[in-house]
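Please examine the sequence and the structure shown here.

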Amino acid sequence: MALHLTLAGWAVLEVGLRIRERAQGKGSAASDRGTRALIAVTLGTAIAVAAVIESRATAPRIAGPYLAAGLIVIWLGLAIRVWAIAALGGAFRTTVEVDPGQAVVSTGPYRWVRHPSYSGLLLIVTGVGLAAGNWLALAICIALPTPALLWRIHVEEAELTGVLGDRYRAYQAQTKRLIPRLW
């Protein structure tokens with residue numbers, strides 16, 4: 001029950017972001033290269049596959065309190081994603097879209113990683129895999145959306161560098177992509 005409520009709350013957050021963008025006349029997918037749709041499909045597919053695997057008794061089980069651990073990881077991912085969205089404020093988009101005068105944000109979670117919102121998404125889907133309680137679901141939840149998020153980062157960083165130039169390059173030089181101090 002807690003897992004379903006958590007996932008429903010996440011869905012409401014994501015739909016609310018899209019509604020906010022439309023209301024503000026933002027969220028153009030012109031520079032997005034289909035990455036928003038690709039991420040949505042891979043996240044949705046990973047979660048659906050995890051649910052199917054969870055329902056099969058033959059899948060290799062994770063020992064211990066996997067549901068509680070999964071929920072904690074999901075909540076951590078949600079907290080990081082919401083923090084990242086709040087730190088960017090009006091500059092946050094679900095598409096790749098950069099305003100010409102936009103500031104390079106290096107506060108909040110952006111002081112540790114360049115893409116904390118995507119770090120949050122990876123934690124959310126990893127938590128779903130953990131909550132499913134088996135190794136195969138966990139592996140799929142990590143492996144399926146990761147390439148889509150890495151492609152999005154590539155597209156987004158090209159756009160940020162193109163629009164913000166040296167200000168963003170300087171930020172790139174001092175901040176890791178997704179994992180503080182590692183990568």
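Axes are lines fitted to C-alpha atoms, for helices over the stretch in contact, and the angles between N-to-C directions run from 0 to 180 degrees. Helices are DSSP runs (H or I, at least four residues), numbered from the N terminus. The model is a predicted one, in which local features need pLDDT of at least 70 and side-chain atom pairs count only at pLDDT 80 or more, while totals for chains, interfaces and linings use all residues. Residues are numbered from 1 along each chain as its sequence is written, and side-chain values use heavy atoms, with hydrogens and water left out.

Consider α1 and α3, whose axes come within 10 Å and cross at roughly 15°. That angle makes α1 roughly parallel to α3 (under 35 degrees). The crossing is left-handed, meaning that the near helix is turned anticlockwise from the far one by less than a right angle. Contact means heavy atoms within 4.5 Å; here α1 contributes A2, L3, T6, W10, L13, E14 and L17, and α3 contributes L67, L71, I74, W75, L78, R81, V82 and I85.

A second pair is formed by α2 (residues 35-54) and α6 (residues 145-164), whose axes come within 8 Å and cross at roughly 165°. These helices are therefore roughly antiparallel to each other (over 145 degrees). The crossing of α2 and α6 is also left-handed. In this contact, T35, R36, L38, I39, T42, L43 and A46 of α2 meet P145, A148, L149, W151, R152 and V155 of α6.

In soluble globular proteins, nonpolar side chains tend to be buried together. A nonpolar core is a set of buried Ala, Val, Leu, Ile, Met, Phe, Trp, Tyr and Cys residues joined through side-chain atoms within 4.5 Å, where buried means under 20% relative accessible area with a 1.4 Å probe, protein chains only. The largest such core has 25 residues, of which W10 and L121 touch the most other members. At least two residues come from each of α1 (2-23), α2, α3 (66-88), α4 (116-132), α5 (135-143) and α6, and α4 gives the most, with eight. Leaving aside residues up to four places away in sequence, L121 touches W10, E14, I39, L43, R81 and L149.

Finally, P109 lies in the loop between α3 and α4. P109 counts as buried because its relative accessibility is 5%. Not counting residues up to four places away in sequence, P109 touches W83, A84, A87 and P116.

Key. Parallel < 35°, antiparallel > 145°, perpendicular 65-115°, else oblique. Buried < 20%, exposed > 50% of the residue type's maximum accessible area, 1.4 Å probe, protein only.
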